[in-house]
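Work through the exercises below with the sequence and the structure in view. Each task is followed by a solution in steps.

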Amino acid sequence: MTFEITDESLENLSELIIAKNDKEITALFSEVHFADIAEVLDEVNFDEAIYIIKLLDSEKTSEILTELDEDTREKILKNLSAKEIADEVREMDTDDAADIIGELSEERQRRVMSALEDDDHAADIKELLSYNDNSAGALMAKELVKVYETWTVAGCMRRIRGQAKDVTRVHSIYVVDKEDKLVGRMSLKDLIIAKSDHKIADICKAKVDAVNVHENDEEVAKIMAKYDLEAIPVVDDNNVLVGRITIDDILDVIREEADKDYQMAAGFSQDVEADDTIWELTKARLPWLILALFGGFVSVSVLGSFDGAINSFPELFFFTPLIAAMAGNVGVQSSAIIVQGLANDSLKGSLFKRLLKEILQGLLNGFVLAALLMSAGMLFLGFPLDLGITVAASLISVIIIASIIGTFIPILLAKKGIDPALATGPFITTSNDILGILIYFSIAKLVLGF
């Protein structure tokens, strides 16, 4: 069941809250998915959101909190006591609980942790909070099903019932030795069809994909995507099993990384959202706009140095925006392909072969586009042959150079540890615009002899 968000439905909900009709509000949301309720809370005013959160039981609101917009969640958490937050956290898996508590100030973190009655749950959350952000340790959950290789199937079935009740989804059963080191895995099917007197060591799969607790979350995402994994175990430096990462957490990582790359490519210096304040949006946009302004100033300076050519051959001026635009577009195309290859780890071969491929591709594209442009200019606009040769040669040269730059820059940035998505934004566009104009007028000077 879903809650259809309309002006009328939100108005009816407000009337129920004003009338303090708790029974009807509870019934209204009883069959509604927590993600849909989160959308409702993002739409209603803050006081109404707080009222609903405090009214519904913690089993449901704990899920709602994880789905809320970050700004809305931050406001709600500020208006909940340490005990109320602890009641919500108690119902969460450790990874979600650590994310929620990690958003609080250090003082409130201590108070919430002290209010947790389950010492083991609190210890697990504290462990997750100790790992660096963007690491597998910070991303993992402690809830999993673990069995020892020396157990029999019958003994294993009895023991895992107690573990499974705390795990939302049992993707795999992980097998460890007496020192808790990961030695294999098996599915529930493997366990069910095995004979009851078989040892776990005899039926488990010894080959198991795992990640180190300090591994970068983007690398974890690549591994899980490559092998189509729904979950992956996490081990420490001694190969001791410490947790697992599930696909829902990896989807969040992929989405956040895609958002960051998209914004960087669009010329934002920091993560922003549409409903952020004017000041926050300005801070994110202004640095790249200043760079674009500086690039435009350089372009004007380049044009100014060739004012004699424009006076002698005014037709050159009309093709200037075209050459600059083609340089920028080709550079963005080339860099986008390389950035995508770097992101999904599909970029193979040497840099030389990659550059050679781009040169040949740029040469082919350049000849086709130049032929079309030269033909149109001479047939329909009546430009002389030498001007047509100038524009055509410039276009071919600009496309080849822009292809090389669009290929080389992202790879260079990646090798230097800088996000290569930077190369698909204003940086590559502006630099190619300037270079395109410079190449254009240099070739014009050589061909036309001014």
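**Exercise 1.** How much space lies in the largest cavity, and which residues line it?

*Solution.* The largest cavity holds about 60 Å³ of space. This value comes from a predicted model. The structure has two cavities of 30 Å³ or more. Next, list the lining of the largest cavity: K83, A86, D87, R90, A115, L116, E117 and D118. Sorted by type, the lining has three nonpolar, no polar and five charged residues. Finally, look for the main contributor: helix α7 (residues 82-90) supplies four residues, the largest share of the lining.

**Exercise 2.** Find the aromatic pairs in the whole structure and classify the one formed by Y440 and F441.

*Solution.* The search of the whole structure gives two aromatic pairs. In the pair of Y440 and F441, the ring centres are 5.0 Å apart and the planes make an angle of 55 degrees. Planes under 30 degrees apart would count as stacked and those over 60 as edge-to-face, so this pair is tilted.

**Exercise 3.** Are Y440 and F441 buried or exposed?

*Solution.* The cut-off for buried is under 20% relative accessible area. Y440 has 0%, so Y440 is buried. F441 also has 0%, so F441 is buried.

**Exercise 4.** What is the helix content of residues 286-306 and of residues 318-342?

*Solution.* The unreviewed UniProt entry lists both ranges under "transmembrane region". Residues 286-306 are 95% helix and 0% strand, with end C-alpha atoms 30 Å apart. Residues 318-342 are 100% helix and 0% strand, with end C-alpha atoms 38 Å apart.

Terms used: Residues numbered from 1 in each chain as written. Predicted model: local features only at pLDDT ≥ 70, side-chain atom pairs only at ≥ 80, totals over all residues. Heavy atoms only, no water. UniProt positions renumbered as here; feature names shortened; annotations may be inferred. Helix = DSSP H or I, 4+ residues; strand = E, 2+ residues; numbered from the N terminus. Phe/Tyr/Trp six-rings, centres within 6.5 Å; stacked < 30°, edge-to-face > 60°. Buried < 20%, exposed > 50% of the residue type's maximum accessible area, 1.4 Å probe, protein only. 1 Å grid on protein atoms, 1.4 Å probe; cavity = no way out; pocket = protein on both sides within 12 Å on 5 of 7 lines; lining within 4 Å. Points joined across faces, edges and corners; volume = space filled by probe spheres on them. Nonpolar A, V, L, I, M, F, W, Y, C, P; charged D, E, K, R; others polar.
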